[in-house]
Amino acid sequence: MPSGNVVLSGNACRQVMSFCSATHAVRRHPQLATGTAQIPEKEDTMLLVDNEVKIPSKVNPKLTLRVLKGHFATVHSHINCYIDMTMLKYRQSEAEEVAKAMANDYQYNKPIDTIVVTDGCEVIGAYLADELKKHGVMSLNTHDSLYVVTPEFGNGGQMIFRDNIQPMIRNKNILLLLASATTGRTIARAIECIQYYGGIVQGVSSIFSASGEIFGHEVHHIFDASDIDDYQTFSQENCPFCQKGQKIDAMVNSFGYSEL
Ligand SMILES: [Zn+2]
């Protein structure tokens, strides 16, 4: 495979098509179907999405967790599955279903005044506020409407609430909403920050959680590790993929993944 960008046509194109598999090549570069295209260097790699497995929720079959298999690096660990919640967070119909499922966990208990949203779950947060009201969850806010707040994050990863937002946190009953809870570090830090600003954490909800309880707080969730057959997480030093010399497929964080 030549390095750099090349223009392909005729036999050369067909050779590349068979080398990469026609499906991947054409999907990445539809121009290939017409015989000429600019081919970037990474053409011989698989698309991660081709390793996708779809797992329906036990709670609500309308909700599907998409899992990509491979070798991924996070800030803290290496993992063999990337849990792709993009559609659950950003597709309106799916975000609404997630919120409905989450609201069931708060039917009979504590008041909620503010939802603190992280990991790009703002759409779910807005629907969740609506669903909680429908479920009759009490709010102590005088205007009978919940706040849905996205915190700012400092360089050290700590949540920051500016002066105009702090009245929505101080002495308020808080529901912490996040996409994924694996090691529990993020939740622990978020709870600490909310308490620092005077908030009262009444509940934690996550789309995926590796544990039902983290630092004494029950983590309500829709999917957990039992939904994923062979979900494994390793420290960088003990990662079996790295030890075999297998290259990392992508860097991942709460926003998504970047293929390498
Ligand atoms: Zn590794």
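Which residues does Leu176 touch, not counting those up to four places away in sequence? Have a look in the viewer: Leu176 is in contact with Val116, Ala190, Ile191, Ile194, Val201 and Val204. Keep that residue in mind while we walk around it. One caution before we go on: this is a predicted model.

Let's start with the overall picture. The protein has 260 residues, and 33% of them count as buried. Its secondary structure comes to 7 helices and 16 strands. If you take the contacts between residues at least 6 apart in sequence, 64% of them join residues at least 24 apart.

How far can you trust what you see? The average pLDDT of the protein is 81, and 81% of the residues score at least 70. Among the elements, E6 has the highest mean pLDDT, at 97, while helix H1 (residues 10-20) has the lowest, at 35. Over residues 1-35 the pLDDT stays under 50, and the model has 43 contacts beyond four places in sequence for that stretch. Where pLDDT is low, the predicted coordinates should not be read in detail.

Now back to Leu176 and its surroundings. The largest nonpolar core holds 58 residues, and Leu176 is among those that touch the most other members, together with Val98, Ile115, Ile124, Leu128 and Leu177. Strand E10 (residues 173-181) gives this core its largest share, 7 residues. Domain 1 (10-89 + 228-259) and domain 2 (92-226) both contribute residues, so the core lies between them.

Zoom in on E6 (residues 114-117), which runs parallel to E10 and is joined to it by 4 bridges. Here Val117 has Leu177 of E10 as its bridge partner. E6 also runs parallel to E7, with 3 bridges joining the two, and Ile115 stands opposite Val148 in E7. Which way do the residues of E6 point? Thr114 and Val116 point one way, Ile115 and Val117 the other, and all of them are buried.

Most residues other than glycine have a negative phi. Asp144, in the loop between H5 and E7, has a positive phi near 55°. Asn171 sits in the loop between strand E9 (159-160) and E10, and its phi is positive as well, about 60°. Are these residues buried or exposed? Asp144 is exposed, with 9 other C-beta atoms within 10 Å, and Asn171, with 11 C-beta neighbours inside 10 Å, also counts as exposed.

Notes. Residues are numbered from 1 along each chain as its sequence is written. This is a predicted model: local features need pLDDT of at least 70, side-chain atom pairs count only at pLDDT 80 or more; totals for chains, interfaces and linings use all residues. A nonpolar core is a set of buried Ala, Val, Leu, Ile, Met, Phe, Trp, Tyr and Cys residues joined through C-beta atoms within 7 Å. A residue is buried if 20 or more other C-beta atoms lie within 10 Å of its own, exposed if 12 or fewer, and partly exposed in between; C-beta atoms are placed from the backbone. Domain bounds come from an automatic or database domain assignment. Two residues are in contact if their C-beta atoms, placed from the backbone, lie within 7 Å. Two strands pair if DSSP finds at least two bridges between them. pLDDT is the predictor's confidence in each residue, from 0 to 100.
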